[in-house]
Amino acid sequence: MAFPRRRGLRRVAVIPAVAGLVLAAACSAGESEQAPGVSSQPCPGSAHPDRGCLYLGVLSDLADGPFSALGSSMNEGQLAFWNQVNESGGIGGYDIDITTHSRNTSLDPGRHRAGYAEIEPNVLALAMSFGTSQTIAMLNQMDVDNMVSTAATQWSGWNYRSADRNLVLSAGYSYCTEAVMGLDWFAENHYAPTNIAVVSYRGNYGGDYASGALKWALANGATIADRIDTGPNGEVGNQDGPVQEVLAADPDLVMLATGPAETAEIVGKLVRAGFTGRFLGSLPTWNAALHQTAAAPALAARYNYMTPVDSWAGDSVGAQKAREATDHEPSNFGYSLGWAISYPLRALLTEAAERGELTREGLRRAAEGLKPDGEGIVAIHPVGADAPDLSKEWTVVFQPDDSAPMGARPIAVGYQGSTLARLGLHEPCTRL
């Protein structure tokens with residue numbers, strides 16, 4: 001599908017808040033103001049000199065980490081989202097800037113902590129905190145600082161007040177429920193798996209996904225042949241160990257919660273070794289660059305992956321707006337994901353502005369009972385709820401296709417399945 005070229009993204013993103021707010025705290029412009037991250041001066045490079053600026057922080061894997069391709073694309077989607085908000089009038093007399101206090105963490109916990117300490121005095125909230133364990137490790141300090149953040153990951157704990165302390169805004173499903181819905185779809189469209197192997201990163205990402213696979217297996221008379229922990233190749237060297245464990249377990253389906261590089265290696269080596277089953281991947285396992293690897297034929301023939309957002313070519317209002325906000329096709333689906341996860345923070349800033357409470361404390365108060373609209377591109381649970389409404393969750397299933405946008409085409413949109421309704425989930429699937 002071809003799309004008309006649009007004006008390029010300005011690299012400064014912005015959003016408004018509440019005119020007449022009394023200010024005081026150090027902002028990047030160096031003036032004395034009231035709330036951290038709130039300035040009466042225009043954002044750097046802003047085309048709106050009559051507006052102030054809200055500074056939001058970004059802590060993400062933008063380079064040199066295992067998910068830098070995804071993180072960079074998500075950042076591009078967020079930039080496009082806030083740029084569109086600014087061009088549409090902003091919020092309450094302010095634009096939003098997410099570039100001044102953006103830091104590359106490479107998914108390294110130490111760099112994440114250092115980046116947070118560096119930008120914390122100057123931001124109203126975090127537009128992005130990439131990494132589940134990295135964000136969990138910061139929750140105590142975020143609680144003290146009243147720092148609200150957008151979740152850049154899909155850990156199930158972000159949907160439960162008991163786990164995220166009402167500090168982390170999320171959109172879409174969790175890795176856990178992704179595995180459940182994915183297995184429902186797989187059983188309906190390929191075959192009913194009876195002996196499943198799960199290869200996943202250690203930590204909340206892999207643990208959450210594996211937990212969902214186990215819950216589905218227990219509910220549907222299947223078994224988990226093996227749960228195999230691994231890590232990025234930069235950490236563990238290669239995936240030879242997991243490949244041998246899978247071959248020994250002899251499953252009929254391999255589920256993956258890894259990065260793209262590890263996905264290509266595992267799939268390629270297993271197929272060459274004689275494995276005849278199929279592969280089902282979590283959302284971070286795919287990147288169009290995998291078409292350039294030796295595993296490309298096996299991936300095209302035997303692998304599917306899921307996302308919680310409408311596809312790039314989708315018909316939802318949100319997908320259409322995301323396309324209109326850029327002049328080129330993104331490198332991967334992270335652009336749409338970055339766009340989609342920004343809706344809750346926009347809704348929160350709007351609500352706080354209407355209350356005249358554009359402060360960190362005001363954002364936390366405004367979060368109670370907030371029901372953001374995802375414009376059809378993503379399902380969003382009410383903010384501050386004790387637990388998610390699983391009946392609202394859906395997924396998009398993709399098939400690798402080198403001729404399709406971002407190297408994959410959607411083959412099922414808005415799929416839900418039947419198992420989630422039978423599970424009765426009341427707490428995070430994993431707490432690692």
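A: **Cysteine pairs and their surroundings**

Cys176 and Cys429 are joined by a disulfide (a pair of cysteine sulfur atoms within 2.5 Å), with an S to S distance of 2.1 Å. The torsion about the S-S bond of Cys176 and Cys429 is about -75 degrees, so this disulfide is left-handed. Cys176 belongs to helix α5 (residues 175–189) and Cys429 to the segment after α15 (420–423), so the pair ties together parts that are 253 residues apart in sequence. Helices (H or I, at least four residues) and strands (E, at least two) are DSSP runs, numbered from the N terminus.

The model is predicted: local features need pLDDT of at least 70 and side-chain atom pairs pLDDT 80 or more, while totals for chains, interfaces and linings use all residues. Residues are numbered from 1 along each chain as its sequence is written, and side-chain values use heavy atoms, without hydrogens and water.

Cys176 has a relative accessibility of 0% and therefore counts as buried (under 20% relative accessible area, with exposed over 50% and partly exposed in between; 1.4 Å probe, protein chains only). Cys429, at 15% relative accessibility, counts as buried because of that value.

The whole structure contains two disulfides. The other bond is formed by Cys43 and Cys53, whose sulfur atoms lie 2.0 Å apart. Its torsion about the S-S bond is about 100 degrees, so the disulfide of Cys43 and Cys53 is right-handed. This pair links distant parts of the chain, ten residues apart: Cys43 stands in the loop between β1 (38–39) and β2 (52–60), and Cys53 in strand β2. Both Cys43 and Cys53 are buried. With bonded cysteines counted along the chain, the pattern of the disulfides is 1-2, 3-4.

On a 1 Å grid over the protein atoms alone, a cavity is a set of points where a 1.4 Å probe fits but cannot get out, a pocket is an open set with protein on both sides within 12 Å along at least five of seven lines, and lining residues have an atom within 4 Å of a point. Points are joined across faces, edges and corners, and a volume is the space filled by probe spheres set on them. The second largest cavity holds about 50 Å³ of space. Five of the lining residues are nonpolar, four polar and two charged. In this classification Ala, Val, Leu, Ile, Met, Phe, Trp, Tyr, Cys and Pro are nonpolar, Asp, Glu, Lys and Arg charged, and the others, Gly among them, polar.

Three cavities of 30 Å³ or more are present in the structure. Helix α4 (161–164) and strand β7 (168–169) each contribute at least two residues to the lining of the largest cavity. That lining comprises ten nonpolar, five polar and two charged residues.

The open spaces complete this part of the account. The largest pocket has a volume of about 510 Å³. It is lined by 29 residues, of which Phe67, Leu107, Gln134, Tyr201 and Arg202 are the closest to its centre. Helices α1, α3 (132–145) and α6 (204–220) each supply at least two residues of the lining of the largest pocket, and α3 gives the most, with three residues. By class, the lining of the largest pocket has 15 nonpolar, eleven polar and three charged residues.

Asp64, which is not a glycine, has a positive phi near 75 degrees. Asp64 is placed in the loop between β2 and α1, β2 being the strand that holds Cys53. With 73% relative accessibility, Asp64 therefore counts as exposed. Glu375, likewise no glycine, has a positive phi of about 50 degrees. Glu375 lies in the loop between α14 (360–366) and β13 (395–400). Its relative accessibility is 15%, so Glu375 counts as buried.
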